[in-house]
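Please load the two chains in your viewer and keep the selection panel at hand. The stops below go from whole chains to single residue pairs and back out to the contacts.

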Amino acid sequence: MSSPTPIHNSPGFRPIEPGNAEKTNRDLHTISLLVRDAPGVLVRVAMVFSRRGYNIESLVVSPGARSGFSRMTVTCSGDPAILEQMIKQLAKLVDVVHALDHTSSHRFETEIALIKIRCEGEARREALEIAEHFNAKVVDYAAESVILRVYGSSEKLDAMISLFADEAVVELVRSGKIVMTRALEVT
Amino acid sequence: MENRVPTGAEKLIQCLEREGVEYIFGYSGGAAMPIFDALVDSSIELILVRHEQGAAHMADGYARATGKPGVVLVTSGPGATNTVTGLLTSQMDSVPVVVLTGQTISPMLGKDGFQEADVTGITYAVVKHSYLLKDAADIPRSTREAFHIATTGRPGPVLIDLPKDVTQGPCDAAFVDDVDLPGYTVPTHGDPNVIRQAAEILQAAKRPVLYVGHGAVISQAGKAVIRLAEKLRAPIVNTLLGKGAADETHPLHLGMLGMHGTAYANKAVDACDCIMAIGARWDDRITGKLDEFCLDATKIHIDIDPAEFGKMVTPDVAIAGDARLVLEELIPQVSAADTEEWLDQCARWRKRYPLKYAKQGGLRAQLVLDKLNEITRGDAVLTTDVGQHQMWAAQFCQSTTNRHWISSGGAGTMGFGFPAAIGAQLGCPDKKVWAICGDGGFQMTQAELATSAIHELPVKCLVINNNFLGMVRQWQELFFENRLSGVDLVGNPDFVKLAQAYGVQAWRIRRPSDVERVLTEAHEYDEGPCLVVAEVVKEDNVFPMIPAGAPLSGMIIEKPKEQMAKPTGST
């Protein structure tokens with residue numbers, strides 16, 4: 001762990017493939033939905049993406065502020081014009097109260113990751129140093145491993161994870177991005 | 001009896017009665033038995049079909065002819081899956097249909113019980129909305145919502161999956177009148193500022209075109225379209241499904257545009273400086289090659305479904321609202337315009353490129369449909385199947401009346417025409433209803449001859465028989481070096497004998513000289529269903545034609561001398 005792993009080998013980082021340059025992180029769109037908490041709503045939302053062969057990068061579903069409603073945060077990459085049309089089709093779903101693209105709005109975003117690192121001795125000391133630098137907390141401390149919990153922007157999580165060698169990261173679970181617009185603007 | 005709590009099925013049927021349902025198109029089976037049992041005591045008449053696909057198309061035809069929702073009732077598993085093609089047809093063409101499917105008992109869901117299918121799962125992609133009811137108490141609310149969703153905004157099919165324990169068990173929930181759907185909003189009047197903008201653009205246009213689609217039929221915007229056209233002196237074109245919204249015999253009407261539209265309609269659209277879509281969605285059959293579509297025209301788009309804005313064509317002005325309400329607001333904001341030069345040009349195109357067909361060389365489908373048009377004069381409800389006969393009917397049968405033209409457009413569903421006519425006839429008992437079918441499509445749902453016979457419906461079926469899947473054969477001839485593959489319908493039955501086997505009156509037309517006499521006789525026949533089979537020439541082509549993916553300017557009027565490249569557009 002003395003020299004950082006090259007970034008393109010890191011988990012959580014999607015390499016740029018030749019001819020596929022538009023699918024980079026900078027084109028990731030963050031879409032938030034307020035939906036009725038009804039059976040099938042997740043399938044209906046997912047199908048707007050799947051019928052075009054679009055891949056959802058991350059998806060967070062959780063209860064909303066009012067009972068009977070849920071929140072979804074979807075991150076997805078793709079042609080902006082097509083995404084705009086997809087958002088209209090999401091909004092059209094009977095169970096979707098609203099669907100908004102927050103890619104260019106003033107917003108606060110965060111994500112949580114749990115990272116299980118195999119480490120002993122010197123490697124453990126380095127892992128803890130990285131953790132400290134990124135304000136990560138050690139939530140499990142075992143003989144041959146630690147679990148680190150880190151939260152912040154998805155980019156910060158990417159950066160931290162990239163510092164560990166592939167073989168050191170035993171497991172990685174990320175929550176997916178959640179987003180909220182600033183001030184009283186609707187998310 | 002009065003004090004007994006009704007079963008879920010009885011409650012369901014009561015809800016349907018409250019919705020004003022007259023007919024249920026259905027086919028019974030185990031999981032739907034409680035519902036069929038409840039129907040015995042109901043004022044609703046069950047139309048027992050011969051295949052569930054027929055039921056779905058009948059409900060669709062009933063809905064298109066009347067504007068009221070069509071209702072289907074089938075059992076679980078294969079009963080439900082047989083309606084999927086009908087659901088797709090209704091979804092693509094925005095038709096209000098409510099499909100009720102029986103389901104295995106709820107504790108058995110997901111356990112591969114007999115005749116279980118994940119029906120909501122299978123149908124998500126082809127419904128406007130759907131329900132899987134696991135509690136009988138939800139029956140009144142879900143039924144009310146289903147009819148509300150199916151019939152409002154952009155209409156569409158809604159499915160309710162009903163486990164047998166839910167319909168068999170008690171239901172003491174009260175009826176529901178109001179719906180609470182926070183995610184479901186329907187635009188109505190349109191933004192006045194945007195409408196004003198549209199009015200200014202239309203007023204300034206030198207070569208305007210009004211492009212009318214199915215939305216204008218649904219919202220009954222036809223009269224408003226004519227008023228606007230007369231004020232602006234703007235020609236009207238309509239889509240396949242827009243036929244009938246605005247009278248096609250009106251002097252400003254150029255007929256159908258698109259792949260097999262009239263040459264003059266397409267030339268007008270190609271040359272216009274302003275095009276307003278009224279309840280139409282710039283389908284690929286309409287625009288041809290998008291990159292070259294109406295490059296110099298300002299585009300105005302009226303649609304009740306905002307998801308249509310920018311999907312195919314990015315409009316300069318988009319008005320979300322009901323077509324008729326928007327037009328009624330728009331018309332007073334424009335004043336009489338002078339576009340005589342433009343109308344003269346359109347008239348020259350009409351004269352130079354008329355619809356025509358060969359008068360020699362045997363019986364032609366076009367002649368049969370031309371005569372049918374003369375006999376029906378727009379007074380009859382016409383349904384079609386899908387293929388060459390459909391395009392010829394669209395060209396030669398001029399629609400004058402709203403909801404008198406019924407055809408599967410978006411889905412292009414073969415087998416649609418005949419059952420749709422049965423549904424239309426039930427919905428419009430005082431009208432003459434003709435189904436125009438090809439020999440291929442008719443055979444897909446011909447078993448419904450029994451349904452028409454049992455109910456003694458005076459529905460008329462015209463089978464244009466060329467013993468080919470003619471449209472595919474045409475493409476193989478034009479684009480695939482005439483390498484015919486899978487288009488020869490050798491082995492067709494004798495359609496006259498087939499009809500007679502069901503007790504259906506039938507005639508055959510072999511010669512051009514027979515056409516008028518036989519069609520008139522069939523048109524006047526009202527003792528029950530009847531069938532006319534026209535044995536037409538085997539090989540004939542529909543022109544004009546814009547090859548898929550070609551621009552409007554790539555329209556061909558007749559068969560080119562040299563082999564054409566394979567089309568690049570969709571299908």
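Select chain B, in which 23 helices and 18 strands are found, where helices (H or I, at least four residues) and strands (E, at least two) are DSSP runs numbered from the N terminus. What you see is a predicted model, in which local features need pLDDT of at least 70 and side-chain atom pairs count only at pLDDT 80 or more, whereas totals for chains, interfaces and linings use all residues. Residues are numbered from 1 along each chain as its sequence is written, while chains are lettered from A and ligands numbered from 1 in the order in which they are written.

**Chain B as a whole**

With chain B still selected, orient the view along the principal axes, where its C-alpha atoms fill a box of roughly 75 × 60 × 40 Å. The radius of gyration of chain B, taken over C-alpha atoms, is 24 Å, which agrees with the value near 25 Å that a compact globule of 571 residues would have; the globule rule is 2.2 Å times the number of residues to the power 0.38. Of the 571 residues of chain B, 56% count as buried, a residue being buried if 20 or more other C-beta atoms lie within 10 Å of its own, exposed if 12 or fewer, and partly exposed in between, with C-beta atoms placed from the backbone. Among contacts in chain B between residues at least 6 apart in sequence, 77% join residues at least 24 apart, and two residues are in contact if their C-beta atoms, placed from the backbone, lie within 7 Å.

**Domains of chain B**

Next, colour chain B by domain: domain 1 covers 8-168, domain 2 covers 192-352 and domain 3 covers 365-543, with bounds that come from an automatic or database domain assignment. Between domain 2 of chain B and domain 3 of chain B, the C-alpha centres lie 30 Å apart, and the contact takes 14 residues from domain 2 of chain B and 14 residues from domain 3 of chain B. On the side of domain 2 of chain B that touches domain 3 of chain B there are five nonpolar, six polar and three charged residues; Ala, Val, Leu, Ile, Met, Phe, Trp, Tyr, Cys and Pro count as nonpolar, Asp, Glu, Lys and Arg as charged, and the others, Gly among them, as polar.

**A parallel sheet in chain B**

Which strand order does the open sheet of six strands in chain B have? Read across, the order is β9-β8-β7-β10-β11-β12 (chain B), with parallel pairing, where two strands pair if DSSP finds at least two bridges between them. The edge strands are β9 (253-256) and β12 (317-320) of chain B, each of which pairs on one side only. Now select strand β10 (residues 274-278) and strand β11 (residues 298-303) of chain B, which run parallel and are joined by five bridges; B:Ile275 stands opposite B:Lys299 in β11(B).

Move to chain A, which has four helices and nine strands in the pattern β-α-β-β-α-β-β-α-β-β-α-β-β along the sequence. Of the 187 residues of chain A, 24% count as buried.

Four strands of chain A form an open sheet in the order β2-β3-β1-β4, and the pairing is antiparallel. Its edge strands are β2 (56-63) and β4 of chain A. Select β2(A) together with strand β3 (residues 69-77) of chain A to follow an antiparallel pairing over seven bridges, and then pick A:Val61, which stands opposite A:Met72 in β3(A).

**Where chain A meets chain B**

Finally, show both chains: the contact takes 16 residues from chain A and 15 residues from chain B. The elements that give two or more residues to the side of chain A that touches chain B are α1 (41-50), α2 (80-92) and β4 (96-101) of chain A, and the largest share, four residues, comes from α2(A). By class, this side of chain A has seven nonpolar, three polar and six charged residues.
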